[in-house]
Amino acid sequence: MDANMHDAVIIGGSYAGLNAAMPLARARRRVLVIDDRRPRNRFASHAHGVMGRDGVAGSEIAAEARAQVAAYPTAVFRSGEAVDIRPVDRGFEVRLADGSTALGRRVVLASGVQDATPDLPGVKERWGRTVLHCPYCHGYEVGGGPIGVLGSGPMSVHQAGLIADWGQTILLAEGLSFSPDDEAMLARRGVTIERTRVAALEGPGATLDGARLTDGRLVPLKAIFIGARVSLTGCLADRLGCELEETPMGMLIRTDMMKQTSVPGVFAAGDAARAMSNVTFAAADGMMAGIALHRSLVEEDAA
């Protein structure tokens, strides 16, 4: 076997990728983690709902995990963006943007997703601060209403009904229509529906004063939640021919319970392979992928 061949190449060095690397490194397998240092949650100042690490910056959690994985002698890291991948004899070749390549018997796709935020003035500069996507991650810190939910699709009704637990909620319909059952549920949850469209979000810096409507009114808001659709980061799943599946949030990589994709030897973990996303889910996905990948190596070695 090629001396440059790793047992596993993990593409993405955030929570899923690092937790996939951990059991492999502890099994003394040769692991390479490729990371471009652009995690999805880089816009948020802190991570919440993480057991034992509630309120700690996501970057700090990842840095500590990276140091712990790097302490194992068979684990190595490479900074850069993986831009292509192809099957080779007994494994896969990954090409980076700088032209370098890496070989792995197995691959874990853990490079995550990108949020497709609406093209609405005031959104981008507040993303991850007062324009949010996950109430379980950020809802408590809002400190009560008024809280907005920007209509983006059928899931917005569910989101508004859910977020009402965190404060008085206003669903900014943005042209969405609602069934009588939807409206009855929202009324029971105390959610107000605003049918005039939003022109912009306003407030100093990253703070939010409210949503300016097209009729000139300002709807006071402390924060606004957006059910942004996502797209896979990079094109590696497509290059490999991995089967994708439609979810309420967008197209994601289909895996089985062991995080194996439709392509033998290729695993996927984290936001790229599950619709529900947070640090804990990503880390759990990574652990499952790492253990399943190790088992596949053992079965091949013993054959």
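User: Which residue in β14 stands opposite Gly210?

Analyst: This is a predicted model, in which local features need pLDDT of at least 70, side-chain atom pairs count only at pLDDT 80 or more, and totals for chains, interfaces and linings use all residues. Strands are DSSP runs of E with at least two residues and helices are runs of H or I with at least four, numbered from the N terminus. In β14, the residue opposite Gly210 is Pro220.

User: How many bridges join β13 to β14?

Analyst: Two strands pair if DSSP finds at least two bridges between them. Strand β13 covers residues 210–213 and runs antiparallel to β14, and the number of bridges joining them is 3.

User: Which strands stand at the edges of this sheet?

Analyst: The sheet is open and has 3 strands in the order β12-β13-β14, with antiparallel pairing. Each edge strand has a single partner strand, so one side of each is left without a neighbour in the sheet. The edge strands are therefore β12 (198–202) and β14 (218–220).

User: By what angle are neighbouring strands of this sheet turned against each other on average?

Analyst: Angles run from 0 to 180 degrees between N-to-C directions, and axes are lines fitted to C-alpha atoms, for helices over the stretch in contact. For neighbouring strands of this sheet, with direction ignored, the average turn is 25 degrees.

User: At roughly what angle do the axes of α1 and α7 cross?

Analyst: Helix α1 comprises residues 15–26 and helix α7 residues 279–302. Their axes come within 7 Å of each other, and they cross at roughly 35 degrees.

User: How many nonpolar residues line the largest cavity?

Analyst: A cavity is a set of points on a 1 Å grid over the protein atoms alone where a 1.4 Å probe fits but cannot get out, and lining residues have an atom within 4 Å of a point. Among the residues lining the largest cavity are Leu109, Ser111, Thr233 and Ile253. By class, the lining has 4 polar and no charged residues, and its nonpolar residues number 6.

Definitions and conventions. Residues are numbered from 1 along each chain as its sequence is written. Side-chain values use heavy atoms; hydrogens and water are left out. On a 1 Å grid over the protein atoms alone, a cavity is a set of points where a 1.4 Å probe fits but cannot get out, and a pocket is an open set with protein on both sides within 12 Å along at least five of seven lines; lining residues have an atom within 4 Å of a point. Ala, Val, Leu, Ile, Met, Phe, Trp, Tyr, Cys and Pro count as nonpolar, Asp, Glu, Lys and Arg as charged, and the others, Gly among them, as polar.
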